[in-house]
Amino acid sequence: MQQSEKTHIFITGATGYIGGSVLSALLSHPRAESFQITVLTRSPEKVALFNNVGVTAVVGSNQDFEKLTEHARNSDVVFACADANDLPAAKAILLGLKKRYDETNKVPILIHTSGTGVLIDNAAGNYATDKIYSDLDIPMIESLPKTQPHREVDIEVVAADQKGYVRTYIVLPSTIYGIANTPLVKLGIQNPYSVQIPSLIKASIDRKQGGVVGTGSNLWPNVHISDTATLYTTIFDAAMKGPGEAGHGREGFYFVANGEHRVGKISEIIAELLHEMKLGESPEPTVFTEEELQKYFGGPYIGSNSRVRAERAVLIGWKPVHSVDSLWASLKPEAEAVVTEMQNI
């Protein structure tokens, strides 16, 4: 296959939990041989590892704006899987995509990672909200203030689509769980661990007691890491077919969720697990103090509510296979992995 016939793909965050899972899904895609994939990595030692799986790796970070612009300019599709709050990096990628459009008159594709953290409130763990966002309800999403997490970047991405030089699709994962088990993890390229649940486990181990925010009444959606990666490729497949196959721009918000949980229940199970492992004084979680919330999480974020209906993804054929039962089953191996990691530090 000639170089010109290939689909040129650029991925940021490819060594991360989400980005690595997306890259793995693309490498096992039925059309993988037609992809020319380039990734940005901060780790020079991983360049050869990427090359071994047929991926071109460039050393750099989200702060290397010229590199972001250059590689976006050379790509048909960009998957942005790094920092969801990094506005300058998003602008650098969009600049490159605009240059590509100006030079080729073809509209490139941006699949950008945001998160359902954009919906958070100030519940501090003390109540469940009845406010549920559907990704088909565009005015409801557009009512979110610019001050919400991720929102400023999301607005910039949508505005670029409206200008016509790029088609944008914003993926908003919820609480992602499960230890990633991809070929890239086995090769030492990808981080296999999520952020939210392991951070709660680490905090609980450090304070020698499972902790909970407020009464633990707040609600969050959840999704398994493999189902998350599948949604990215489902959007990619639809986007590659043409602009009418999947909502983009204002209509291009895709919540990633296949279940909902009371966050306090995770705290309760972690407290029980750590007590059994002789790492917690009581099987009942105790309330994090304000000082602890600041120390471990930078504030009461995990006490917020975020409730969604992931309806747009289902319309384009996303079929998640893991339910909330998989979340509960994931907590013990997650706790054991965190304990092993902390013992090895």
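Tutor: Let's start with a definition: rings of Phe, Tyr and Trp (its six-membered ring) pair if their centres lie within 6.5 Å, and the pair is stacked if the planes are under 30 degrees apart, edge-to-face if over 60, and tilted otherwise. What you see above is a predicted model, in which local features need pLDDT of at least 70 and side-chain atom pairs count only at pLDDT 80 or more, whereas totals for chains, interfaces and linings use all residues. Residues are numbered from 1 along each chain as its sequence is written, and side-chain values use heavy atoms, with hydrogens and water left out.

Student: How many aromatic pairs does the count come to by this rule?

Tutor: A pair of aromatic rings is described by the distance of the centres and the angle of the planes. Applying the rule here, the count of aromatic pairs comes to six.

Student: Are the rings of Phe288 and Phe297 stacked or edge-to-face?

Tutor: Phe288 is buried at 5% relative accessible area, and Phe297 is buried too, at 16% (buried means under 20%, exposed over 50%, partly exposed in between, with a 1.4 Å probe and protein chains only). Their ring centres are 5.3 Å apart and their planes stand at 80 degrees, so the pair is edge-to-face.

Student: How far is Lys265 from the ring centre of Trp328?

Tutor: A charge sits over a ring if NZ of Lys or CZ of Arg is within 6 Å of the ring centre and within 35 degrees of the ring normal. Lys98 has its charged end over the ring of Tyr165, 5.9 Å from the centre. Lys265 lies over the face of Trp328, and the distance to the ring centre is 4.2 Å.

Student: What is the order of the seven strands in the open sheet?

Tutor: Strands (E, at least two residues) and helices (H or I, at least four) are DSSP runs numbered from the N terminus, and two strands pair if DSSP finds at least two bridges between them. The pairing in this open sheet is parallel, and its seven strands have the order 3-2-1-4-5-7-11.

Student: What angle does the direction of helix 1 make with that of strand 2?

Tutor: Axes are lines fitted to C-alpha atoms, for helices over the stretch in contact (heavy atoms within 4.5 Å), and angles run from 0 to 180 degrees between N-to-C directions. Helix 1 packs on the sheet, touching strands 1, 2, 4, 5 and 7. Its direction and that of strand 2 (35–41) make an angle of about 165 degrees.

Student: Which residues touch the most other members of the largest nonpolar core?

Tutor: A nonpolar core is a set of buried Ala, Val, Leu, Ile, Met, Phe, Trp, Tyr and Cys residues joined through side-chain atoms within 4.5 Å. Leaving aside neighbours within four places in sequence, Phe79 has contacts that include Ile9, Val22, Ile111 and Phe236. Among the 75 residues of the largest core, the most other members are touched by Phe79 and Ile111.

Student: What is the phi of Asn105?

Tutor: Most residues other than glycine have a negative phi. Asn105 is in the loop between helix 4 (87–104) and strand 5 (109–113), and is exposed at 60% relative accessibility. Although Asn105 is not a glycine, its phi is positive, at about 65 degrees.
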